[in-house]
Amino acid sequence: MVGAIASGQMSEYIGRKGSLMIAAIPNIIGWLIISFARDVSFLYMGRLLEGFGVGIISYTVPVYIAEIAPQNMRGSLGSVNQLSVTIGIMLAYLLGLFVSWRTLAVLGILPCTILIPGLFFIPESPRWLAKMGMTEDFEASLQVLRGFDADISSEVNDIKRSVASTGKRTNIRFAELKRKRYWFPLTIGIGLLILQQLSGVNGVLFYSSNIFSSAGISNSNLATLGLGVIQVIATGVTTWLVDKAGRRLLLIVSSSGMTISLLLVAIAFYLEGVVSEASQVYSICGILSLVGLVALIVSYSLGVGAIPWLIMSEILPVNIKGLAGSMATLANWLTSWVITMTANLLLDWSEGGTFTIYTIVAAFTVAFVTLWVPETKGRTLEEIQLSFR
């Protein structure tokens, strides 16, 4: 959460690449501390450093991708971010079956170590360069991204007009967020990122082994790995669909599927509590809860998992992106922490009741997207942000 607070302003002042480079350092140190931990205090310190780095990365990466991608590929490239996250989770599940947690921590250093030199070979965000007044660097960066033979004059003019209308100033007062051009996109961005976590998916994933055991699955660790594989496949489908079907439609389909899946799991757990364990109905309830959990992960991965970060990076005006992005990222991680801390307690209280609460949140997400979230497919960032004025 501390990293989330710092992420927006850091990426505004030192750039997207500089922020990612700085974020990689506490990640490397954190994994080293965890891998050589002598007691629990080392684990806490390592996790603290990891959290700081991930907080910065979770905001900066989707913003950087949105700012460098051509409009017809922005959705797919933005969704690759979430696809990479799900692949990482799946690999952690897989490797966790064979290696110790210390070895797993050492392996966590590798991506961060590769990131730092890799950043020297990619261009800075042209929109950030334009905002900072680096006109020659901005045009050179855009030309590299679009190809040396591409005509970038139209896109250059659009970006220049957008920057000229908002100004170079990076400090925005909270009072200015009361203007509709600011509070409306900020409300959408924060709302989507909070609802993403309130659906309880992270709680389900973190405690999936316990949930599978409760559902009567004997090898819960293997089932959790299977869940990770399904999440990767479904997120890959989203990456392919998002620039074809659109963000809004996928969000509605995704949240509707989550509502039905969560309701199915809630009903299954309620029935398990009232029937005999020796009855056939109890066994059927175990199968229903498993089907519901798989359907939940598929539905989540089809939209709610990736698209809120994509939309947040698309709709926030360039001159408030630092402050607003920090607020949205903080809201997401704070809600994630609350869900993670309460999920086990709620499951101990009532498994059926817990999934009923998550069902209500998912149903509200359907309404929120239907009423408020605009379609951003096929529009430039400048066109999207102009529509809020």
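Leu95 is partly exposed, with a relative accessible area of 32%. On this scale, buried means under 20% relative accessible area, exposed means over 50%, and partly exposed is anything in between (1.4 Å probe, protein chains only). Before going further, keep in mind that this is a predicted model: local features need pLDDT of at least 70, side-chain atom pairs count only at pLDDT 80 or more, and totals for chains, interfaces and linings use all residues. Residues are numbered from 1 along each chain as its sequence is written, and side-chain values use heavy atoms, with hydrogens and water left out.

**The greasy patch**

Leu95 sits in helix 3. Helices here are DSSP runs (H or I, at least four residues), strands are E runs of at least two, and both are numbered from the N terminus. Leu95 is also one of the residues in a nonpolar surface patch of about 810 Å², alongside Ile87, Leu91, Leu94, Leu97, Phe98, Val99, Leu107, Leu110 and Leu222. To count for a patch, a residue needs over 30% relative accessible area and no salt bridge; like charges are joined within 9 Å, and nonpolar side chains (Val, Leu, Ile, Met, Phe, Trp, Tyr) within 5 Å. Areas come from the Shrake-Rupley method with a 1.4 Å probe, and for residues only the protein chains shown count as cover.

Which helix gives the most to the nonpolar patch? That is helix 3, with 4 residues. Helix 3 (74-96) and helix 4 (101-118) each bring at least two.

**The chain as a whole**

The secondary structure comes to 17 helices and 0 strands. The C-alpha atoms fill a box of roughly 75 × 50 × 40 Å along the principal axes. With 389 residues, a compact globule would have a radius of gyration near 21 Å, and the chain's 22 Å agrees with that. (The radius is taken over C-alpha atoms, and the globule rule is 2.2 Å times the number of residues to the power 0.38.)

Of the 389 residues, 51% count as buried. The chain exposes about 17300 Å², and carbon and sulfur atoms supply 70% of it. As for who touches whom, a contact means heavy atoms within 4.5 Å. Among contacts between residues at least 6 apart in sequence, 79% join residues at least 24 apart.

**Inside the protein**

In soluble globular proteins, nonpolar side chains tend to be buried together. A nonpolar core here is a set of buried Ala, Val, Leu, Ile, Met, Phe, Trp, Tyr and Cys residues joined through side-chain atoms within 4.5 Å. The largest one has 37 residues, and Ile188, Leu192, Leu251, Ile311, Phe355 and Val373 touch the most other members. Two or more residues each come from helix 8 (180-198), helix 9 (201-206), helix 11 (220-245), helix 12 (247-272), helix 13 (280-304), helix 14, helix 15 (321-349) and helix 16. Helix 12 puts in the largest share, 7 residues. Val373 touches Ile188, Leu192, Arg248, Leu251, Ile311 and Phe368, leaving aside residues up to four places away in sequence. A second, separate core of 13 residues includes Tyr182, Leu193, Trp309 and Leu316.

Thr354, found in helix 16 (residues 351-372), counts as buried because its relative accessibility is 0%. Leaving aside residues up to four places away in sequence, Thr354 touches Leu346, Leu347 and Trp349.

**Salt bridges**

How many salt bridges does the structure hold? There are 10, each being a side-chain nitrogen of Lys or Arg within 4 Å of a carboxyl oxygen of Asp or Glu.

Take Arg16 and Glu67 to start: their side chains meet at 2.7 Å, N to O. The pair links distant parts of the chain, 51 residues apart, with Arg16 in helix 1 (residues 2-35) and Glu67 in helix 2 (residues 40-68). Both Arg16 and Glu67 are buried. They also belong to a salt-bridge network with Glu12 and Lys131.

Glu314 and Arg74 form another bridge, at 2.6 Å, N to O. Glu314 is in helix 14 (residues 307-315) and Arg74 in helix 3, 240 residues apart.

Then there is Lys160 with Glu139, at 3.2 Å, N to O. Lys160 lies in helix 7 (residues 153-166) and Glu139 in helix 6 (residues 135-146), so the pair ties together parts 21 residues apart in sequence.

| Residue | Relative accessibility | Class |
|---|---|---|
| Glu314 | 0% | buried |
| Arg74 | 2% | buried |
| Lys160 | 37% | partly exposed |
| Glu139 | 30% | partly exposed |
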